Structures are given as C-alpha cells and as structure tokens.
Amino acid sequence: MPDAAALRQRVAGLVREIPGFPQPEVVFKDITPVLADAAAYTGVVAWMAAPFRGTTDKVAAIEARGFILGGPVAYALGTGLVPVRKLGKLPAPTVAEAYMLEYGEATLEMHVDAIEPGDRVLIVDDVIATGGTAAATAQILRRAGARVVGVVALLEIEALGGRARLSDHDLRVLLSA
C-alpha cells in the first residue's frame, strides 16, 4: 500500500476547485488532474483496494466518476464490477433508489441480476458530499441481498455532512476538504 500521507499530499495538490459548476452555488471538486498524474492515480487505486483485499466479491462503481476509480479497484481486487447508473441508462431490468444530492434529486439503478444474495460488495465513488449517492447505492445493494463491506472515495467534502448518512458503513476517504 502506498504511503498514505505522501499520497494525500500529492492528491491535495492536484484536486482543483471550479466555482459555479454545475450550478452557481456549488464549488466543484475536479479530480481530473489526479487521474492524469500516473503516480497519483495508481496510488489512489492501490490505497482504495488495499483494505478490502480478500473481503470483497464485487465492486459497485457509481456513475460517472466512480467508474473511473471503481474499474481499476475491481481489477486490483480481482472482483467483478457492478455499474450503478443514473435512471434510464441500463438496458436490462433494474432495481432503483431515489435520493437527494447537494443540488437537487436523482435516481440510481443497478441491474437486478448484478448481485447474488450474500455477495460482499465494496462501493467506490469519487467524492462523498451529502452522502446521498453512496447511501442510495448501499440501499440498492441491501435490497438485492448483498452485504456492503465498505464505502471508499477519493475525497470527502466534510461541510456537507455525508459521513453522518454513512455511519453504519466502513467509510474510508483519502482526502477531506
């Protein structure tokens, strides 16, 4: 596992803030510079995967930036990848969950056959803000019979209080803002 302190420092220097995106009152945390930096990106993936080695059957990656991290984490863990997508994006029958986010509401879906009862699933996302997206994903997984082994994200926006909504999960974030 990479040195967490050094990785945090590197990632903190790469994440940029974009005021007014996607709405005027939001300060967007742009992780694309982290993804473009090979050492930072591979370090983040290794950091996310390390605590869940041997305890995970599948990785549930949340659309859209969660896909960018979830795919490599699933690969690193040797597990399957389950895409959790926005409403209407999956072609086969789905299970859905509506939730609130910091600037509106949304619905997430997962294919009904993506999870076997008893699967141990790690949720991967890029940013924990209000916690709504990860909490909705956890609810979908529980309804499908899975056991959520943890929630891991690159960044947490502490002021939005998402950690409280995820208090019943093993939540790990690399960097808090």
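How many positive and negative side chains does the protein chain have, and how far apart do the centres of the two sets lie? There are 17 positive and 20 negative ones, and the two centres are 3 Å apart. Please keep in mind that this is a predicted model.

Now the overall picture. The protein chain contains six helices and nine strands. Its C-alpha trace spans about 40 × 40 × 30 Å along the principal axes. The radius of gyration is 15 Å, which agrees with the value near 16 Å that a compact globule of 177 residues would have. Of those 177 residues, 49% count as buried. If we take the contacts with a separation of 6 or more, 61% of them come from residues 24 or more positions apart. The accessible surface is about 8,100 Å², and carbon and sulfur atoms hold 55% of that.

D119 sits in the loop between β6 (104–111) and β7 (120–128). Is D119 buried or exposed? Its relative accessibility is 10%, so D119 counts as buried. A polar atom of the D119 side chain lies 2.8 Å from the backbone nitrogen of E116. Setting aside neighbours within four places in sequence, D119 is in contact with D57, K58, G145, A146 and R147.

The other is D37, in the loop between α2 (32–36) and α3 (38–49). D37 also counts as buried, because its relative accessibility is 18% and the cut-off is under 20%. With neighbours within four places again left out, D37 is in contact with R10 and L14. L14 and D37 are 23 residues apart in sequence, and their C-alpha atoms are 8.5 Å apart in space.

Methods: Residues are numbered from 1 along each chain as its sequence is written. This is a predicted model: local features need pLDDT of at least 70, side-chain atom pairs count only at pLDDT 80 or more; totals for chains, interfaces and linings use all residues. Side-chain values use heavy atoms; hydrogens and water are left out. Helices (H or I, at least four residues) and strands (E, at least two) are DSSP runs, numbered from the N terminus. Buried means under 20% relative accessible area, exposed over 50%, partly exposed in between (1.4 Å probe, protein chains only). A polar contact is a pair of N or O atoms within 3.5 Å; within protein, one must be able to donate a hydrogen and the other to accept it, and residues adjacent in sequence count only if both atoms are side-chain atoms. Contact means heavy atoms within 4.5 Å. The radius of gyration is taken over C-alpha atoms; the globule rule is 2.2 Å times the number of residues to the power 0.38. Accessible areas come from the Shrake-Rupley method with a 1.4 Å probe; for residues, only the protein chains shown count as cover. Lys and Arg count as positive and Asp and Glu as negative; His and the chain ends are not counted. The place of a charge is taken as NZ of Lys, CZ of Arg, CG of Asp or CD of Glu.
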